[in-house]
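Please read the following account with the sequence and the model open side by side. It moves from the arrangement of the chains to the contact between two of them, and then to the aromatic rings.

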Amino acid sequence: MGDRVQEILSWYGSDNVGTKTNLARLLRSGKLADTGKLVILPVDQGFEHGPARSFAPNPPGYNPHYHFQLAIDAGCNAYAAPLGFLQAGAGQFAGQIPLILKLNNHDVLHDDKDPLPSVTGSVKDALRLGCSAVGFTIYPGSVHCNAMYEQLREIAEEAKENGLAVVVWSYPRGSGITKEGETALDVVAYAAQIAAQLGAHVIKVKLPTAHLEQTAAKKVYEAAQIPLKTLAERVRHVVQSAFDGHRIVIFSGGAKSEDQNVFQEARAIRDGGGFGSIIGRNSFQRPKAEAVKFLNTIMGIYAGQVQ
Amino acid sequence: MGDRVQEILSWYGSDNVGTKTNLARLLRSGKLADTGKLVILPVDQGFEHGPARSFAPNPPGYNPHYHFQLAIDAGCNAYAAPLGFLQAGAGQFAGQIPLILKLNNHDVLHDDKDPLPSVTGSVKDALRLGCSAVGFTIYPGSVHCNAMYEQLREIAEEAKENGLAVVVWSYPRGSGITKEGETALDVVAYAAQIAAQLGAHVIKVKLPTAHLEQTAAKKVYEAAQIPLKTLAERVRHVVQSAFDGHRIVIFSGGAKSEDQNVFQEARAIRDGGGFGSIIGRNSFQRPKAEAVKFLNTIMGIYAGQVQ
Amino acid sequence: MGDRVQEILSWYGSDNVGTKTNLARLLRSGKLADTGKLVILPVDQGFEHGPARSFAPNPPGYNPHYHFQLAIDAGCNAYAAPLGFLQAGAGQFAGQIPLILKLNNHDVLHDDKDPLPSVTGSVKDALRLGCSAVGFTIYPGSVHCNAMYEQLREIAEEAKENGLAVVVWSYPRGSGITKEGETALDVVAYAAQIAAQLGAHVIKVKLPTAHLEQTAAKKVYEAAQIPLKTLAERVRHVVQSAFDGHRIVIFSGGAKSEDQNVFQEARAIRDGGGFGSIIGRNSFQRPKAEAVKFLNTIMGIYAGQVQ
Amino acid sequence: MGDRVQEILSWYGSDNVGTKTNLARLLRSGKLADTGKLVILPVDQGFEHGPARSFAPNPPGYNPHYHFQLAIDAGCNAYAAPLGFLQAGAGQFAGQIPLILKLNNHDVLHDDKDPLPSVTGSVKDALRLGCSAVGFTIYPGSVHCNAMYEQLREIAEEAKENGLAVVVWSYPRGSGITKEGETALDVVAYAAQIAAQLGAHVIKVKLPTAHLEQTAAKKVYEAAQIPLKTLAERVRHVVQSAFDGHRIVIFSGGAKSEDQNVFQEARAIRDGGGFGSIIGRNSFQRPKAEAVKFLNTIMGIYAGQVQ
Amino acid sequence: MGDRVQEILSWYGSDNVGTKTNLARLLRSGKLADTGKLVILPVDQGFEHGPARSFAPNPPGYNPHYHFQLAIDAGCNAYAAPLGFLQAGAGQFAGQIPLILKLNNHDVLHDDKDPLPSVTGSVKDALRLGCSAVGFTIYPGSVHCNAMYEQLREIAEEAKENGLAVVVWSYPRGSGITKEGETALDVVAYAAQIAAQLGAHVIKVKLPTAHLEQTAAKKVYEAAQIPLKTLAERVRHVVQSAFDGHRIVIFSGGAKSEDQNVFQEARAIRDGGGFGSIIGRNSFQRPKAEAVKFLNTIMGIYAGQVQ
């Protein structure tokens with residue numbers, strides 16, 4: 001096992017062997033195996049945005065098997081999806097790639113300023129489907145944050161007892177913050193801290209802007225002169241905010257974008273000490289061959305093989 | 001076992017043998033046995049609309065035994081009803097037709113823009129009554145969607161552990177969408193996707209119109225030029241939206257209608273790749289001999305024996 | 001065992017032997033034993049209306065033992081009361097008359113347009129007190145109907161597993177219907193249907209008027225020319241609405257009234273195919289000797305011995 | 001065992017031997033042992049009103065041991081307090097006096113027109129602390145009455161299974177009634193009835209005034225000419241309202257008052273057939289020697305030794 | 001074992017040996033071992049205020065290991081933190097210092113006048129991490145006080161069954177009191193009483209001002225002439241309010257302040273009979289060597305070695 005993976009595992013000294021084994025599975029699969037970096041394919045957009053908005057741009061994506069194969073072909077560290085998508089292929093693709101069962105989801109047929117996703121799967125589901133981890137989304141800033149934190153607490157406890165890893169999507173949103181604030185540096189850093197304090201092994205946040213949202217925090221950022229001009233500096237601050245870099249923090253790819261932008265972001269994540277990316281729409285909304293090439297470029301950036 | 005049934009069962013590779021066996025029972029019963037098509041008789045209108053509105057047009061229908069016998073005589077794949085109706089006949093008709101216990105219901109003595117049906121039965125009830133499946137209704141678009149999705153999650157988990165199949169009625173309704181939107185193509189396709197992601201084995205939706213409800217979705221439908229002019233095209237899109245046709249999707253018959261309309265709809269369902277119909281009021285609100293003939297015509301359409 | 005009792009028991013073919021035995025106990029006790037008819041004494045008014053309003057007209061009724069003895073002396077089929085009243089006498093009167101433990105109750109110190117009674121006893125209480133059945137009140141039309149239906153679902157499941165019968169008081173009330181609508185024929189028939197679908201073995205409703213409350217239902221009543229002019233016709237329709245007469249439907253006596261009215265109502269219930277009465281205030285708010293005579297006259301009407 | 005105690009125990013014929021034993025402990029302890037009368041010391045005011053308001057008038061009362069010793073020295077039947085106070089002394093004073101653990105409490109840092117106390121202890125706590133009974137407060141008339149009744153139902157069931165007695169403080173309060181109505185005769189009698197129907201073994205109410213609160217009840221009181229002019233008459237009516245005197249009903253002492261008033265009230269309770277008093281502030285807000293003398297005078301009144 | 005520790009343990013006579021052992025661990029660790037005094041390091045500010053506001057003033061504090069080492073180096077009695085921070089170091093620092101797992105937390109991305117923290121850890125977490133105690137915050141005065149008291153009840157019961165000690169942060173806040181009232185003497189004393197009644201072994205409150213918030217309490221304070229001019233007098237009253245000094249009461253350090261102020265407060269706590277301090281920001285927001293010196297001065301004050 002690579003030294004970096006051993007170092008990372010050493011940060012999780014209170015976890016049982018099962019959980020450490022599953023963290024190692026995530027870190028030791030695919031093209032980035034043993035580098036300490038991760039690129040994960042997440043496909044929950046069918047639920048979150050609807051099927052046509054998600055899959056019409058590349059219709060093979062309607063088929064759940066497509067995404068298993070894409071993640072395998074591209075050499076991703078793991079594939080993450082809701083219950084339906086995972087159980088439609090977990091049997092056929094058993095053992096070919098680590099799986100992350102996303103345990104809560106939200107649709108836009110009924111939307112709300114203060115989101116509260118539905119719990120749509122269980123730790124038992126993750127175990128019977130052979131997953132390495134469960135995923136859970138929290139929305140700090142929502143009036144429903146208590147409900148989400150407490151659902152996560154219960155799920156994380158059960159997951160850890162059963163030797164699974166816990167991946168938390170921490171996306172500030174709701175009446176506690178402005179739209180601009182959702183990606184403000186102080187807010188994203190806070191979101192990473194909250195996820196870490198709630199016991200997440202892997203934390204997924206959005207890339208932060210240089211905006212500072214909270215008055216009390218802004219004073220401290222200015223007094224301490226925390227560097228925040230470049231994206232790499234901001235990534236570094238977010239990673240520091242997750243236990244001084246002792247938790248795996250990865251960044252989301254967001255909506256479909258120019259490839260060069262995505263690559264530029266990957267370089268900033270790498271240079272700021274981030275652990276990788278979780279890239280959905282930019283991957284599966286193009287033909288598979290292109291997607292594999294696109295993902296491999298990103299992996300190359302993380303592996304230091306691509307500038 | 002017919003090849004088509006084997007193919008369909010192969011889509012449910014993560015389910016246990018018990019659940020696959022019960023899916024096979026649904027697919028291998030009645031006149032459409034082994035064709036991969038289904039016609040199901042559902043009778044929950046006594047609860048949902050009241051007894052006189054449901055049964056006065058054909059008074060023998062007040063008697064729960066009537067519907068068991070109708071489904072058997074017509075050669076339906078299954079009979080679906082709430083707890084009271086099923087347990088009034090499950091003993092007498094044991095083993096004669098697969099049963100689906102509908103686990104939630106709603107009455108109109110207290111109605112609401114955002115429906116939340118009551119859970120009126122349990123997986124244990126389904127097991128003690130010898131059912132092959134449980135049925136559950138969700139209303140995406142309702143402010144109560146979380147409650148319904150989470151009730152379904154729990155019920156589906158217990159049902160699958162106990163080797164039952166899960167049939168989901170997915171009917172968009174509530175303050176998140178307009179009245180016209182309830183049957184809009186994008187909304188019905190989304191409803192099918194949600195049910196599939198929640199782990200349904202069989203999905204029941206309404207027939208979609210060519211209306212597009214959601215602005216963000218509409219852009220994609222137009223950009224991707226998704227065919228939607230004919231009912232068959234729309235059925236095809238809904239089936240595609242349920243895991244690219246790898247989930248059983250059936251369509252509801254709706255209120256009492258001209259026979260020719262219903263037959264025309266069945267042809268569109270067949271031509272669009274749908275898996276069949278679930279037809280209540282059009283069946284049981286006429287004399288039994290007529291109902292059997294009517295249902296047999298529909299079965300003939302699905303079996304390709306009737307144009 | 002009388003043929004009629006055997007016939008009635010045959011309608012409950014999905015129930016276990018314990019439940020059938022307890023249904024038989026209700027049907028085979030007292031003066032109406034084996035006739036298929038029932039007269040039950042219910043005393044929950046101390047809780048529902050207060051002690052003085054209930055018992056000051058006949059003060060021995062303050063004592064819980066009084067009602068046990070009244071029900072026994074009059075030859076009722078069963079005695080129904082809340083936890084406190086039953087456990088104050090269940091020991092002393094053990095085995096002398098079937099008992100029904102009413103599991104939810106409501107007081108008027110805090111009243112509401114949309115009632116939600118409190119659950120005040122349990123199936124375990126019913127078992128330890130030697131009861132034959134549990135009783136539960138639902139208020140279709142209340143905004144809280146979901147809570148009540150789901151409480152009933154749970155209680156009924158536990159009761160049936162433990163071999164008890166389930167008696168449901170189904171009283172439409174709440175913001176979904178008008179005051180007049182509470183006893184409208186369509187509404188009472190619907191209430192009987194709901195109770196039956198929820199799995200009740202015995203259904204208690206109020207006597208219906210000829211008023212029709214719901215627009216959609218009214219059309220059907222008129223189109224189908226459902227007879228509703230006489231009370232007997234209306235009783236017949238309500239009984240039909242409870243699974244075409246395959247569920248035991250009994251009618252409540254209501255507030256204190258002229259004896260001749262009550263007798264007239266009993267004749268209508270008998271002539272319309274109803275299964276009997278549940279008569280509280282008209283029984284226990286008069287001296288015991290008079291009450292016994294009064295109840296015996298009603299039993300005579302049901303037994304066909306009194307015109 | 002005294003005949004009166006045997007008679008009282010005979011009213012609880014559905015309870016198990018453990019519960020009867022604990023009821024006997026309450027009735028056979030202290031100076032009033034075997035008389036069928038009770039004087040209980042309750043000290044929950046530290047929680048309900050705050051420490052200084054409760055204990056500054058007699059500072060030794062800040063110490064939880066003080067109240068154990070006071071109850072023992074005065075020869076009370078039992079000592080009742082919340083979890084903290086009881087567990088601070090239950091070990092040291094084990095076996096010296098029956099204990100009642102008050103399981104719900106409310107503070108005035110956040111107050112509400114419609115109170116809902118917090119559940120602050122459990123039946124398991126009562127068992128591990130060697131208590132004879134649990135105490136629980138309900139506020140009939142509060143919009144939260146359902147919550148309280150259902151908490152009590154669950155607690156009482158568990159207590160009885162474990163052989164404990166159940167003491168219910170039934171204090172009408174909330175938006176369902178006026179301030180004056182809280183002690184109106186009809187309301188207090190109704191509160192006693194509700195507690196009895198909920199299964200209380202011992203019922204604590206406030207002393208009633210001659211006011212009649214509810215219109216429907218008032219008519220009955222007038223028609224039946226229920227005597228209510230003297231306090232003894234009103235006590236008699238309340239005791240009658242608790243199962244015709246077949247439940248132990250005791251009366252609260254209320255705020256600090258002139259001793260002669262309290263003695264006068266005790267005489268009225270005695271003459272009206274009440275079972276005793278529960279006296280907190282009038283006992284512990286004076287020096288211990290005075291308190292013992294004061295309580296002994298009251299006990300003398302109940303024992304018939306003091307006029 | 002020191003006499004004072006034995007005396008303190010004697011106050012917890014109803015607790016099991018496990019809990020007494022863990023209380024002894026808290027009292028017998030660090031520089032103040034066996035003195036009956038405690039200085040605890042709490043670090044939950046990352047969650048409560050955000051990472052930069054908490055750790056930017058002394059960036060090594062981003063690392064969870066830093067705080068373990070600081071508490072050990074300074075000779076604190078215990079280290080208290082939320083799940084994430086504790087489990088990031090509990091393995092490496094096992095057995096070096098007693099740990100307190102803070103089981104509920106609140107962030108300011110969504111804030112509320114009436115706070116209700118999220119439950120973010122469990123007693124099982126505390127046990128698997130080798131903790132000696134659990135910590136829980138209540139906000140008396142919040143409309144959500146019921147929820148918090150009942151969560152605490154459940155947690156405390158489970159903790160005590162498992163031999164853990166229970167530390168309660170009792171911070172009045174919410175719409176029931178004014179901002180000034182949050183630290184009013186009567187309110188802080190009441191908060192200490194509530195925590196004690198809820199069964200806390202160790203109570204943490206804020207230092208009280210001489211303000212009196214509640215009208216009814218103010219009258220008593222004036223009538224009884226409770227001394228409240230000096231901080232030491234106020235501390236003495238708060239300690240008295242926690243069972244006359246028979247519960248361990250410690251005081252919080254609050255926001256960063258001049259060292260001389262903190263020392264002055266420690267002297268007042270000592271002179272008023274308080275049991276010690278819990279000091280977060282004043283400790284970890286300065287370089288470690290300075291922090292150790294600062295904490296040692298405070299410990300010296302409590303030990304009587306520093307004036």
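In this predicted model, chain A and chain C share no contact, and their closest C-alpha atoms lie 20 Å apart. Chain A and chain D likewise do not touch, with their nearest C-alpha atoms 20 Å apart.

For chain B and chain C, a rotation of 72 degrees and 0.0 Å of shift along its axis superposes chain B on chain C, with an RMSD of 0.0 Å. In chain B, the residue that comes closest to the rotation axis is B:Ala147, at 11 Å for its C-alpha.

Chain E and chain A do meet, in a contact that takes 40 residues from chain E and 41 residues from chain A. Between them these two chains bury about 3,100 Å², of which 57% is on carbon and sulfur atoms. On the side of chain E, the residues that lose the most area to chain A are E:Tyr62, E:Leu109 and E:His110, which together make up 23% of what that side buries. The count of salt bridges between chain E and chain A is one, and in it the side chains of E:Lys124 and A:Glu161 meet at 2.8 Å, taken from N to O.

A:Trp11 lies in the loop between helix H1 (3–10) and helix H2 (17–27) of chain A, while A:Phe275 lies in the loop between helix H12 (259–271) and strand E10 (276–278) of that chain, so the pair ties together parts that are 264 residues apart in sequence. A:Trp11 is buried, with a relative accessible area of 9%, and A:Phe275 is buried as well, with a relative accessible area of 2%.

A further pair joins A:Phe85 and B:Phe243, whose ring centres are 5.0 Å apart and whose planes stand at 65 degrees, so this pair is edge-to-face. Because A:Phe85 lies in helix H6 (residues 83–87) of chain A and B:Phe243 in the loop between helix H11 (231–241) and strand E9 (248–252) of chain B, the pair joins two chains. Both A:Phe85 and B:Phe243 are buried, and they belong to one aromatic cluster together with A:Phe55, A:Tyr62 and A:Phe284.

Charged side chains also lie over rings in this model, as in chain B, where B:Arg286 lies over the face of B:Phe294 at 4.0 Å from the ring centre. In chain C, the charged end of C:Arg286 sits over the ring of C:Phe294, 4.0 Å from its centre.

How values were computed
Residues numbered from 1 in each chain as written. Chains lettered and ligands numbered in written order. Predicted model: local features only at pLDDT ≥ 70, side-chain atom pairs only at ≥ 80, totals over all residues. Heavy atoms only, no water. Helix = DSSP H or I, 4+ residues; strand = E, 2+ residues; numbered from the N terminus. Buried < 20%, exposed > 50% of the residue type's maximum accessible area, 1.4 Å probe, protein only. Phe/Tyr/Trp six-rings, centres within 6.5 Å; stacked < 30°, edge-to-face > 60°. Lys NZ or Arg CZ within 6 Å of the ring centre and 35° of its normal. Least-squares fit on C-alpha atoms with pLDDT ≥ 70 in both. Contact = heavy atoms within 4.5 Å. Buried area = accessible area lost by both parts, 1.4 Å probe. Salt bridge = Lys/Arg side-chain N within 4 Å of Asp/Glu carboxyl O.
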